[in-house]
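These are my notebook entries on a structure with two chains. I set down what I looked up, beginning with a single residue and its contacts.

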Amino acid sequence: MLTITNTSENGSHILALEGEVDASNSVMIDEAIQKLIGDGSKSIVVDGQKLEYISSAGLGVFMSYLEDFEEKNVDFKIFGLPEGVLEVFKILGLHQLMNIYPTKEAAFNS
Amino acid sequence: MEHRITIYCQTTALSELREFLRNTLTMPMLSESEKLQITLAVEEVCANLIIHSHQCNAADHIDLEVKESENKLIFEIKDQGIAFNLLDYEVPNLIKVKGEKRKGGLGIILVKKIMDEIEFESNKGTNTCRLIKWFHS
């Protein structure tokens, strides 16, 4: 079960993910990011504080947009990942390709 | 001790698989982080089979058996679909995945990094993928 809450703050669009991401629902994140890019967002921030689990299906969605973010000058950040979930990003080395922060404050002050 | 589950080949069965693994991976020597990673590796193999070998055909099924011995956990995943030997699958370069804007390819990397041993055999139409995790004390 995955819930995505979309809010905006100081010009940034925040996608708060709650629950578990797998191959059955990763399309929800895909569509949410696609829409923000389509709407011309220049700052997309993923709030991962309530993300309990993410499989490669969800990680792949983030990966597939990294080039688009660079091409369209979109600032993409993730914050608040619980330790176990962050560990999965690190196993793949994704922390070297994405801007990941421990807290919302750290993400917004960077 | 042995635990078994049969799941049908649809992606909605993955949460059922995780629930089964949550109830099975109760060994005190496993940290929460290890449990999550093992769950992830088993799910990645099953998701791959569901999507690529069975095209999400809910009439097909996958059998998972978890065997616990003194120093290791063995996850035996059996199906009757198109054989997919992940040992033959070349791990993609992450920069290449990014450049090609691909969504797939990360799951196999996770399985290979998380599990200590991977075995695959195909016999009379049944494929068996064995994932082995050693207990590190």
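Entry 1: a loop and its contacts

I first looked up S24(A), which, leaving aside neighbours within four places in sequence, is in contact with T11(B), T12(B) and L14(B). I took two residues as in contact if their C-beta atoms, placed from the backbone, lie within 7 Å. I note that this is a predicted model, in which local features need pLDDT of at least 70 and side-chain atom pairs count only at pLDDT 80 or more, while totals for chains, interfaces and linings use all residues. Residues are numbered from 1 along each chain as its sequence is written, and chains are lettered from A and ligands numbered from 1 in the order in which they are written.

I located S24(A) in the loop between β2 and α1 of chain A. Helices (H or I, at least four residues) and strands (E, at least two) are DSSP runs, numbered from the N terminus. S24(A) counts as buried because it has 21 C-beta neighbours inside 10 Å. The scale I used calls a residue buried if 20 or more other C-beta atoms lie within 10 Å of its own, exposed if 12 or fewer, and partly exposed in between, with C-beta atoms placed from the backbone. From S24(A) to G58(A) I recorded 9.8 Å, C-alpha to C-alpha, across 34 residues of sequence.

I then turned to A23(A), in the loop between β2 and α1 of chain A. A23(A) counts as buried, with 24 C-beta neighbours inside 10 Å. Not counting residues up to four places away in sequence, A23(A) touches S55(A) and A57(A) as well as T11(B), L14(B), A47(B) and I51(B). A23(A) and I54(A) are 31 residues apart in sequence and 9.4 Å apart in space, C-alpha to C-alpha.

Entry 2: the interface

I looked up the contacts between the chains: 23 residues of chain A are in contact with 27 residues of chain B. On the side of chain A that touches chain B, the elements giving two or more residues are α2 and α3 (83–92) of chain A. α2(A) gives the most to that side, with 9 residues.

Entry 3: helix α1 of chain A

I found that α1 (residues 26–38) of chain A has 13 residues and reaches 18 Å from its first C-alpha to its last, close to the 18 Å expected at 1.5 Å a residue. The expected span is 1.5 Å times one less than the number of residues.

Which residues of α1(A) are buried? I listed S26(A), I29(A), I33(A) and L36(A). Seen down the axis of α1(A), its buried residues fall within an arc of 90°, so they line one face of the helix. The arc is that of the directions from the helix axis to the C-beta atoms. The cover over these buried residues includes β1 (2–9), β2 (12–21), β3 (43–54) and α2 (56–71) of chain A. The face of α1(A) turned away from its buried side carries the exposed residues E31(A), K35(A) and G38(A). After α1(A) comes G40(A), whose phi is positive, near 85°.

Entry 4: chain B

I counted 4 helices and 5 strands in chain B, in the sequence pattern β-α-α-β-β-α-α-β-β. The radius of gyration of chain B is 15 Å, close to the 14 Å that the globule rule gives for 137 residues, so chain B is as compact as a globular protein of that length. The radius is taken over C-alpha atoms, and the globule rule is 2.2 Å times the number of residues to the power 0.38. Of the 137 residues of chain B, 32% count as buried.

I traced an open sheet of 5 strands in chain B, with the order β1-β2-β3-β5-β4 and antiparallel pairing. β1 (2–8) and β4 (117–123) of chain B stand at the edges with a single partner strand each, so one side of each is left without a neighbour in the sheet. Two strands pair if DSSP finds at least two bridges between them. β2 (residues 61–68) and β3 (residues 72–79) of chain B pair in the antiparallel sense over 7 bridges. I62(B) has D79(B) as its bridge partner in β3(B).

Entry 5: positive phi

I noted N73(A), a residue other than glycine with a positive phi near 55°, in the loop between α2 and β4 (75–79) of chain A. N73(A) is exposed, with 8 other C-beta atoms within 10 Å. Q55(B) is found in the loop between α2 (32–53) and β2 of chain B, and counts as exposed with 11 C-beta neighbours inside 10 Å.
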